Amino acid sequence: MRKITYKEALREALREEMRRDTTVFLLGEDIGKYWGGAFKVTEGLAEEFGDERVRDTPISENAIVGTAVGAAITGMRPVAEIMFGDLTALAMDQIANQAAKIRYMFGGQISCPLVIRTPFGAGVNIASHHSQSLEAWFMHVPGLHVAVPSTPYDAKGLLKSAIRGNNPVFFCEHKLLYPIQGEVPEEEYTIPFGVADVKKEGTDVTIVATLYMVHKALKAAEILEAEGISVEVVDPRTLTPLDKQAIIKSVKKTGRIVIVSEDCKTAGVSAEIAAVVAEEALDYLDAPIIRVAEPDTPIPFSPPLEQYVIPDEKAIIKAVKEVV
Amino acid sequence: MLNLPKNKLTQMLRKILEIRLFEEKVFELYAQNLVPGTIHLYAGEEAVAVGVCSNLRKDDYITSTHRGHGHCIAKGADLKRTMAEILGKKTGYCKGKGGSMHIADFSIGMLGATAVVGAGIPIAVGAGLSIKLRRTDQVVVCFFGEGASNQGTFHEGINMASIWKLPVIFVCENNLYAMGTRQSIVMNIENIADRAIAYGISGVVVDGNDVLAVYEVAEKAVERARKGEGPVLIECKTYRHKGHSRVDPARYRPKEEVAEWLAKDPIKRFKEKLIHTKVLSEAEIQHIEKEVSVEIEEAVKFAIESPFPMPEEALEDVYA
């Protein structure tokens with residue numbers, strides 16, 4: 001099968017959906033023909049679809065999302081790009097109070113089919129305002145779906161589902177994933193929300209990981225495998241809805257779980273997954289649940305400081321060895 | 001006097017009365033403990049909603065505020081379902097999930113009231129963008145108060161509507177107070193409309209208690225927007241008869257000021273004008289008032305007799 005990058009997979013999803021449905025349009029800062037997006041995801045799309053449908057906006061995050069909400073409830077399917085995930089803080093009212101609640105507060109009269117794409121994650125030395133992983137903020141908002149694709153295949157299939165679906169989707173990407181290559185079929189496919197993917201099968205311990213951490217977990221699994229420890233890597237792919245059954249099924253098989261997420265540990269993604277396992281699968285556990293996450297600090301700038309806070313293979317291996 | 005046909009003027013009077021009598025009834029029901037939460041009455045500001053919405057078609061859009069009953073009714077919302085929503089009933093527009101501050105009726109282009117001050121502004125801009133992309137000739141009216149004009153959404157939203165020449169009419173209802181805070185305490189300008197210049201659009205100040213004056217400026221703005229000439233900011237100077245919400249006796253307002261504005265009551269002025277220009281007789285007006293009263297009573301009866309939603313319905317409508 002052909003291999004393309006995560007970035008190309010996202011772009012293909014956008015291009016195919018825009019060709020398929022004229023109500024799909026893109027808006028965001030510098031996504032048009034001069035830049036093609038800060039991470040070049042939308043590069044070339046303005047040339048094909050014009051600057052009406054690939055719309056450069058002012059630096060007004062709250063209005064970018066608010067405009068998408070207004071368009072979504074009047075017949076369009078906007079895909080808004082927020083240049084860095086950290087900047088979603090500026091749009092939080094429109095995301096959490098408007099987009100997520102419009103359907104509910106108006107008694108189901110209308111749905112709000114919009115997608116907010118944004119990159120999270122650390123690792124490129126740009127410090128706290130451009131490096132956070134804030135997925136948990138959005139998991140905490142009923143009414144939103146939260147997607148966290150880790151591979152080009154998942155990125156394309158989930159983005160197509162996000163665009164076609166009738167709910168507001170918070171679509172998390174990761175800066176370090178954009179250049180990663182993976183197999184993506186040429187033919188049409190979509191990936192439903194709420195269906196986890198077992199990225200690697202194993203029998204001794206389950207690692208649940210998301211976004212870039214999936215790749216670190218797979219690397220750790222390879223090293224552990226050489227030492228005789230069989231690791232299963234489960235990637236939820238969407239945090240809301242969360243495929244609890246897939247996680248529980250894996251825990252039933254291995255009896256051990258390590259949860260790896262790049263966000264801060266307190267009240268983070270890993271906290272929620274750990275709570276699900278504790279509530280619904282405690283009896284199947286042969287060891288305590290261990291979480292590998294960032295310490296509760298902002299992301300620092302200097303390379304040794306930054307590398308220190310981001311979970312790495314070593315930390316994952318150490319955690320696995322604690323439970324087996 | 002405007003060159004409006006008698007039936008149009010009669011219709012406008014009917015709407016203005018519907019809002020006032022509806023609000024009076026909501027006030028009574030609140031006192032009888034039938035309204036959960038709080039209410040933000042529109043009484044006194046009716047000329048704005050009616051003057052503006054009388055220019056709109058059913059497929060045009062509006063966005064509204066926490067003080068939204070008047071906007072709903074002016075756009076053509078069903079009184080029964082509006083009242084039922086305020087009482088938290090299953091038959092309400094939002095099945096009891098929104099209440100007084102969050103009423104919407106998408107079938108008439110009422111895109112919803114939002115209780116976050118200024119949040120409706122970018123949403124209206126988005127509806128305007130959607131109109132432009134779909135190539136229809138609809139327009140959007142975005143209602144907000146003068147307090148909302150200090151929010152970032154006001155700046156961000158109007159700027160976007162201006163650069164993209166969207167068919168959005170921004171209607172500021174300046175009732176002089178943001179809750180209890182006088183405009184002069186939080187702004188060094190007298191006219192919100194002056195802010196239009198910062199976004200390269202025109203701003204107009206109008207007597208918001210004169211329904212015909214509001215009608216006239218809104219008519220021009222709607223025409224311009226329909227032709228693709230972009231947004232306008234209309235500031236309507238008006239006054240709420242009651243406090244900010246039901247619990248607010250509005251002691252921060254000088255008595256003389258209240259008296260001065262009550263004397264400028266939009267309904268009294270409109271009726272006088274209609275009688276003076278012989279459009280309607282006093283008897284005809286009384287007849288309309290009676291009809292509207294009956295309609296309101298029916299709405300109240302419907303709302304009171306309607307069942308509350310089943311508790312477990314709280315879990316519905318989160319996702320499509």
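**Exercise 1.** In which strand does Thr5(A) lie, and is Thr5(A) buried or exposed?

*Solution.* Start with the strand: Thr5(A) belongs to E1 of chain A, residues 3–5. Strands here are DSSP runs of at least two residues, and helices are H or I runs of at least four, numbered from the N terminus. This is a predicted model, where local features need pLDDT of at least 70 and side-chain atom pairs count only at pLDDT 80 or more, while totals for chains, interfaces and linings use all residues. Residues are numbered from 1 along each chain as its sequence is written, and chains are lettered from A in the order in which they are written. Next, the relative accessible area of Thr5(A) is 13%, and Thr5(A) is therefore buried (under 20%; exposed is over 50%, with a 1.4 Å probe and protein chains only). Finally, look around: leaving out residues up to four places away in sequence, Thr5(A) touches Pro152(A), Tyr178(A), Pro179(A), Ile180(A) and Gln181(A) (heavy atoms within 4.5 Å).

**Exercise 2.** Describe how H9(A) and H10(A) pack.

*Solution.* First, find H9 (residues 244–254) and H10 (residues 269–281) in chain A; their angle is about 65° and their axes are 10 Å apart. Now classify: H9(A) and H10(A) are therefore roughly perpendicular (65 to 115 degrees). Among the residues making the contact are Ile247(A) and Ile248(A) of H9(A), and Ile273(A) and Val276(A) of H10(A).

**Exercise 3.** How many residues of chain B are in contact with chain A?

*Solution.* Count both sides: 41 residues of chain B meet 41 of chain A.

Definitions and conventions:
Side-chain values use heavy atoms; hydrogens and water are left out. Axes are lines fitted to C-alpha atoms, for helices over the stretch in contact, and angles run from 0 to 180 degrees between N-to-C directions. Angles under 35 degrees count as roughly parallel, over 145 as roughly antiparallel, 65 to 115 as roughly perpendicular and the rest as oblique.
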